[in-house]
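Good morning, and thank you for coming.

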Amino acid sequence: MRITRRTKAMAFFIGLGVCLVGLAVALNVSWIIFHWRQVVPLVLGIILFGLLIAGMVINTIFLVREIRRNEQQDSFLNAITHELKTPIASIRLYLQTLESRPLDEAKRREFYHIMQEDTDRLLGTVEQVLKASEVRQGNARQNWKEVEFAAVVRDALGLARVRQHLSDEAMYFGSEPSDGITVMGNAEELRTAVFNLFDNAIKYSGEKKKIVVDILAPNIDTVSLRVCDHGVGIQAKELKRIFKRFYRAPNPMSREVKGTGLGLFIVRSIARRHGGDAYAESEGEGLGSTFTMRLPRIYRA
């Protein structure tokens, strides 16, 4: 395995922190031994050395977290550069081809279709970045109103099928959702969160996709959207990390699937902004995953 400079830096700071803490402990023990009969110096020494050790531990933790955060941001920059550069290069190539030589109508339509898809991909990437920035700015409830949640999920499901060219058997409702399930919020934000859940399931389901979507109402105050796939699965230690900004789970599929590491971060941020939450469940790698977004429901008798 290739060891990056940041990995070496992390190892260095952790080692340095351990050595400094060990040295501080040794000095503290020596101080206690030499001043055990003098109460005031003994107590002050223990307190000061305790503060010193705590400060070194906190400083080491902070440095390691900063290194990890910088590494994640670099990974994000690499991913976003690829996500922006690839469709732009593709569009440029097809435009140059259209300009340089005559083509029949069928071939021209094919090129236009490909460029349209590249444009959609480019726009989707930009929207992801903008939305991630927006959901971190605060909890302002702009354009909030009563939203028919089942209608939002149906629209997002239809859009996901069209964009990814999926059949009805590849992605479907486990049971037909009932109407009348209403939540309070921003319809556009909720649509974004739902679509990101679907997009994540599609990306990590492999070639043979089978994604089951359910809208559940476990009680009169809650509605949950559950998206179950039969894809690559997630290790138990990664279940909470995958919702962090820029984070992508380290599995073989992650290296093949392109993305920004923002999709699930946006899902959880929007869910929490609406008074709910989002979480993932999986039995492990290769055993599929279930993602759930929970929201408070408006109940009317």
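Let me begin with the source. This is a predicted model, in which local features need pLDDT of at least 70 and side-chain atom pairs count only at pLDDT 80 or more, while totals for chains, interfaces and linings use all residues. Residues are numbered from 1 along each chain as its sequence is written, and side-chain values use heavy atoms, with hydrogens and water left out.

First, the chain as a whole. It contains seven helices and seven strands, where helices (H or I, at least four residues) and strands (E, at least two) are DSSP runs numbered from the N terminus. Along the sequence, their order is α-α-α-β-α-β-β-α-β-β-α-α-β-β. Of the 301 residues, 41% are buried. Here buried means under 20% relative accessible area, exposed means over 50%, and partly exposed lies in between, with a 1.4 Å probe and protein chains only. The accessible surface of the chain is about 18,300 Å², and carbon and sulfur atoms account for 57% of that. Such areas come from the Shrake-Rupley method with a 1.4 Å probe; for residues, only the protein chains shown count as cover. Contact means heavy atoms within 4.5 Å. Among contacts between residues at least 6 apart in sequence, 71% join residues at least 24 apart.

Now to the strands. Which strands pair with E5? Strand E4 (residues 211-219) runs antiparallel to E5, and six bridges join them. Strand E7 (residues 289-296) also runs antiparallel to E5, joined to it by eight bridges. Two strands pair if DSSP finds at least two bridges between them. E4 and E5 make a hairpin with two residues between them, and Asn219 has Thr222 of E5 as its bridge partner. Towards E7, Asp229 stands opposite Ser289.

Is strand E5 mostly covered or mostly open? It covers residues 222-229, and six of its eight residues are buried. Ser224 is buried, because its relative accessible area is 9%. Leaving aside neighbours within four places in sequence, Ser224 is in contact with Asp214, Ile215, Leu216, Pro218, Thr292, Met293 and Arg294. Ser224 and Thr292 are 68 residues apart in sequence, yet their C-alpha atoms are 6.5 Å apart in space.

I turn next to the helices. Helix H7 (residues 263-273) is largely enclosed by the rest of the structure, because ten of its eleven residues are buried. Among the buried residues of H7 are Gly263, Phe265, Ile270 and Arg273. Just after H7, Gly275 has a positive phi of about 85°.

A positive phi also occurs at His165, about 55°, although His165 is not a glycine. His165 lies in the loop between helix H4 (149-164) and strand E2 (171-173). With 59% relative accessibility, His165 counts as exposed.

Helix H2 (residues 39-100) contains Leu44. Leu44 belongs to a nonpolar surface patch with Val43, Ile47, Leu48 and Leu51, and together they have about 490 Å² of accessible area. Patches are made of residues with over 30% relative accessible area and no salt bridge; like charges are joined within 9 Å, and nonpolar side chains (Val, Leu, Ile, Met, Phe, Trp, Tyr) within 5 Å. Leu44 counts as partly exposed because its relative accessibility is 48%.

Finally, the salt bridges. Side chains of opposite charge can pair when their charged atoms come close. A salt bridge is a side-chain nitrogen of Lys or Arg within 4 Å of a carboxyl oxygen of Asp or Glu. How many salt bridges are there by this rule? The count is eleven.

One of them joins Lys107 and Glu110, at 3.3 Å from N to O. Both residues lie in helix H3 (residues 105-135), three residues apart, which is about one turn of the helix. Lys107 is partly exposed at 32%, and Glu110 is partly exposed at 39%.

Another joins Arg241 and Glu238, whose closest N and O atoms are 3.6 Å apart. Arg241 is partly exposed at 36%, whereas Glu238 is buried at 3%.

Asp277 forms a salt bridge with Arg268, with the closest N and O atoms 3.6 Å apart, and both residues are buried. Arg268, Arg272 and Asp277 are linked in a network of salt bridges.
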